[in-house]
Amino acid sequence: MEEKILRKWHRKKSINVYELYECDQRYQRYLNLIACWTDTEGNDYNYIREKVYEFVSIENSPDSLNYKFDLMKYIDGEILLMMNLCLMKDMEV
């Protein structure tokens, strides 16, 4: 389910200020729900958490729209990569 949401947002070609608020809520949910930003192999994904903190700390405005859009694309791509790497590790025999 969450992967579909991530893919939907990651595929966006543009975003408006209202959607930034939706994204803020989504990222705040990640910050509240993801307790550990490392995987079982010891890979550290705290750099993603720091980018999420940066995203939610920036005020939503027309001036920040492009930067937050680029940051959203980066964060969502990295979270998808993290999910895929963890899934691949779980599937290894």
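This is a predicted model: local features need pLDDT of at least 70, side-chain atom pairs count only at pLDDT 80 or more; totals for chains, interfaces and linings use all residues.
Residues are numbered from 1 along each chain as its sequence is written, and side-chain values use heavy atoms, with hydrogens and water left out.

**The whole chain**

Switch to cartoon view. You'll find four helices and zero strands, running α-α-α-α from the N terminus on. (Helices are DSSP runs of H or I with at least four residues, strands are E runs of at least two, and both are numbered from the N terminus.) Along its principal axes, the C-alpha trace spans about 50 × 20 × 20 Å.

How much of the chain is buried? Buried residues make up 34% of the 93 residues. (Buried means under 20% relative accessible area, exposed means over 50%, and partly exposed is in between, using a 1.4 Å probe and protein chains only.) Now think about contacts, meaning heavy atoms within 4.5 Å. Among those between residues at least 6 apart in sequence, 64% join residues at least 24 apart.

**Stop one: α1 and α2**

Select residues 2–10 for α1 and 17–33 for α2; their axes come within 13 Å and cross at roughly 145°. (Axes are lines fitted to C-alpha atoms, for helices over the stretch in contact, and angles run from 0 to 180 degrees between N-to-C directions.) Show side chains next: α1 brings Glu2, Ile5, Leu6 and Trp9 to the contact, while α2 brings Glu19, Glu22, Cys23, Arg26, Arg29 and Tyr30. Colour this contact by class and you get five nonpolar, no polar and five charged residues. (Ala, Val, Leu, Ile, Met, Phe, Trp, Tyr, Cys and Pro count as nonpolar, Asp, Glu, Lys and Arg as charged, and the others, Gly among them, as polar.)

Stay on α1 and pick His10. Why does His10 count as partly exposed? Because its relative accessibility is 28%. Not counting residues up to four places away in sequence, His10 touches Lys73, Asp76, Gly77 and Leu80. Try the distance tool on His10 and Lys73: they are 63 residues apart in sequence, yet their C-alpha atoms are 5.4 Å apart in space.

**Stop two: the core**

Now for the largest nonpolar core, which has 21 residues. (A nonpolar core is a set of buried Ala, Val, Leu, Ile, Met, Phe, Trp, Tyr and Cys residues joined through side-chain atoms within 4.5 Å.) Select Ile15, Tyr27, Ile48, Phe55, Met72, Ile75 and Ile79, the members that touch the most others. The elements giving two or more residues to this core are α1, α2, α3 (46–57) and α4 (65–91). Which one gives the most? That's α4, with eight residues.

Zoom in on Ile15. Leaving aside neighbours within four places in sequence, Ile15 is in contact with Trp9, Leu20, Leu65, Phe69 and Met72.

Go to Asp24 in helix α2. Asp24 counts as buried because its relative accessibility is 14%. Beyond neighbours within four places in sequence, Asp24 is in contact with Phe55, Val56, Asn60 and Lys68.

Then click Gln25, also in α2. Gln25 is exposed, with a relative accessible area of 58%.

**Last stop: a loop**

Finish at Pro62, in the loop between α3 and α4. At 66% relative accessibility, Pro62 counts as exposed. Draw a line from Pro62 to Glu78: they are 16 residues apart along the chain, and their C-alpha atoms are separated by 25 Å.
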